[in-house]
Amino acid sequence: MSETGNRLRKLLESPNFDPQNYVKQLSQQSDGDRDLQEHRQKIQNLADETAQNLKKNVYKNYRQFIETAKEISYLESEMYQLSHILTEQKSIMESITQALLSTDKDETSKEMQAAFPKETEEVKQRTLTSLLEKVEGGKNIMDTPGRHLVYNGDLVEFDVDNMSPIQKVHAFLMNDCLLIATWLPNRRGTVKYKYNALYDLESFAVVNVKDNPPMKDMFKILMFPDSRIFQAENSKIKKEWLEILDETKKNKVTKDRHKKEEEVPTSPVRVEVSTNPFDVEDDEPADAEENVDLSLEWIQELPEDLDVCIAQRDFEGAVDLLDKLNGYLKDQPVTQRVKELRLKVDERVRQLTEVLVFELSPDRSLRGGPKATRRAVSQLIRLGQSTKACDLFLKNRAAAVQTAIRQLRIEGATLLYIHKLCNIFFTSLLETAKEFEMDFAGNTGCYSAFVVWSRSAMRMFVDAFSKQVFDSKESLSTAAECVKVAKEHCQQLTEIGLDLTFTLQSLLVKDIKAALLSYKDIIMEATKHRNSEEMWRRMNLMTPEALTKLKDEMRSCGVGTFEQYTGDDCWVNLSYTVVAFTKQMMSFLEEGLKLYFPELHMVLLESLREIILVAVQHVDYSLRCEQDPEKKAFIVQNASFLHDTVLPVVERRFEEGVGKPAKQLQDLRKSTRPVRINPESTTSVV
């Protein structure tokens, strides 16, 4: 940049720059218009250069933004990897700690057994009885023989939905059941708790809840279809509860199995069939539990891994884990441990399904088009929820289409609004159909639901269309153009094999019929009004340009023989009423053909017939009433124009547009035969 340009830049960039003073000084110092033009050019060059610099900065910042976004993406993936590594390390540390604790526990138990003799059943029952005396409503619990206390302690129950503390409880774990008693804070005496619930050990599953401060030291008890969450005092007590609950459940299963085995030899039926080789089948359930290996590391960590996947919104990873488990257990027998694992996994499946359903709910952001729903839909289908996925997908798209239509600005020009409306609706419908075909390619049973949804979506479109076109009383030509646009856009759906033309027609037929009848009444009233003022005089268009314009209009209407009715200079040998009627009726015919549906055939035909009758009856009446021979001859010439020129054109154009002849119009023309030209007669046959 030159030195002058630099000075000018510094001047304009100075904080004390005053535009008015600058322009005032510049006008005083300039010698004339040329100096001002040169200075203007300098300022313009400076402005262009500034604009280029701004554009370069924008591009530079945009590139930096893209690079930053990539770096964030890389960082996010690294964080996921780090999280996975930390999870693995934590599980390894927990397994090592558990192994060490189990070793210490075994040594301690051996020492305790050596130091103290084993408690008798009577001592255990006495301990349980003394504890249950503190529970209001728990006296009948000791009626079951052989029941004794295994473990007990204070817990805090939390709400499953919002994770808020509910109440303080005391849990009594017995060898065959679990008793939950609520704490009575203001009760004096020996009774400190109130009976709340009693669960058989086989009726529930115990699930560890990962620590998420401040929610920690928790475990969940699943009883179909409900669940309860309890918090221990610290992590050590929580671990004891989990271990003792699991060990007690296993002991009960083992004890029940041994009891059944002991009962088998005493059965007389068993002795009789003891030589039957098929008796081996009776031992299979007992051995089956040993055959299913659930000690694999990935199976042990499966519930927690599913929780992590759901929390991190890794839906694909969660479903992959479920598929892996289902494949592993496919041919395995259903044992008690498998049932417990299934209970834990089913709870995660329910949570995953709820998250996926929320992803597809219309309350979520509807931006991104139908492709944004593909992830949730595909995972729901993999979970066997194809019907629910189909229903939610279509509801999501219906809400998106409805929102797009509502947000469409209503322009002053109706045709412009209809162009935008059709473009938004049919493009959305086409994209939805393609996405539906891609997502549900293997679920042909869902296609009928899409067809039903398409019809309801079309009904939504027609409501918005009719409100703007027909309820606002637009002209018939505007309504015809709007319907034509809608038909053309509807034809685009045939690319994917979806033809909704019939649906569109059936939804529009009522409004179009009303518009045709309304415009027919307007034409008839206008024709009657002109007939009342008819003087039966030739038209004088005053200028050749007006005559040429009229000839072009008649030619565009299909009246090619209009030249023979024009006279010298600017005269037309026809009445103004007949010419105006011809133009208006031909215009009505053309717009009616644009709006034509097979259901509207008789409506359009009868409307044309009624309009023609108004003109024909007026000519007939005028011939019978007119006494002047010259005027009568002029009326006959107009009647001949209607009969020999206009009516054949109407019949031919109707047949071309509809594809079949108009019998009613042919009968009307035959009944209105040409008038017998007899100036002296006062009667006519029309």
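A: Within the largest nonpolar core, which comprises 124 residues, F461 and F465 are the residues that touch the most other members. The element that gives the most to this core is helix 21, spanning residues 629-658, with 12 residues. Around F461, once residues up to four places away in sequence are set aside, the contacts are L421, C422, F425, F426, A486 and L504. Apart from this core there is a second, separate one of 20 residues, whose members include I180, I221, A232 and L245. As a general background, nonpolar side chains in soluble globular proteins tend to be buried together.

The cysteines may be considered next. A disulfide is a covalent bond between the sulfur atoms of two cysteines. A search of the whole structure of the predicted model returns zero disulfides. C390 accordingly takes part in none, and the nearest cysteine sulfur to it belongs to C446, at 4.2 Å. C390 counts as buried because its relative accessibility is 4%, and C570 likewise counts as buried because its value is 9%; the cut-off for buried is under 20%.

The surface, finally, also carries nonpolar side chains. L75, M79, L82 and L86 make a nonpolar surface patch of about 380 Å². M79 lies in helix 3, which covers residues 33-115. With a relative accessibility of 48%, M79 counts as partly exposed, since exposed requires over 50%.

Note on methods. Residues are numbered from 1 along each chain as its sequence is written. This is a predicted model: local features need pLDDT of at least 70, side-chain atom pairs count only at pLDDT 80 or more; totals for chains, interfaces and linings use all residues. Side-chain values use heavy atoms; hydrogens and water are left out. Patches are made of residues with over 30% relative accessible area and no salt bridge: like charges are joined within 9 Å, nonpolar side chains (Val, Leu, Ile, Met, Phe, Trp, Tyr) within 5 Å. Accessible areas come from the Shrake-Rupley method with a 1.4 Å probe; for residues, only the protein chains shown count as cover. A salt bridge is a side-chain nitrogen of Lys or Arg within 4 Å of a carboxyl oxygen of Asp or Glu. Helices (H or I, at least four residues) and strands (E, at least two) are DSSP runs, numbered from the N terminus. Buried means under 20% relative accessible area, exposed over 50%, partly exposed in between (1.4 Å probe, protein chains only). A nonpolar core is a set of buried Ala, Val, Leu, Ile, Met, Phe, Trp, Tyr and Cys residues joined through side-chain atoms within 4.5 Å. Contact means heavy atoms within 4.5 Å. A disulfide is a pair of cysteine sulfur atoms within 2.5 Å.
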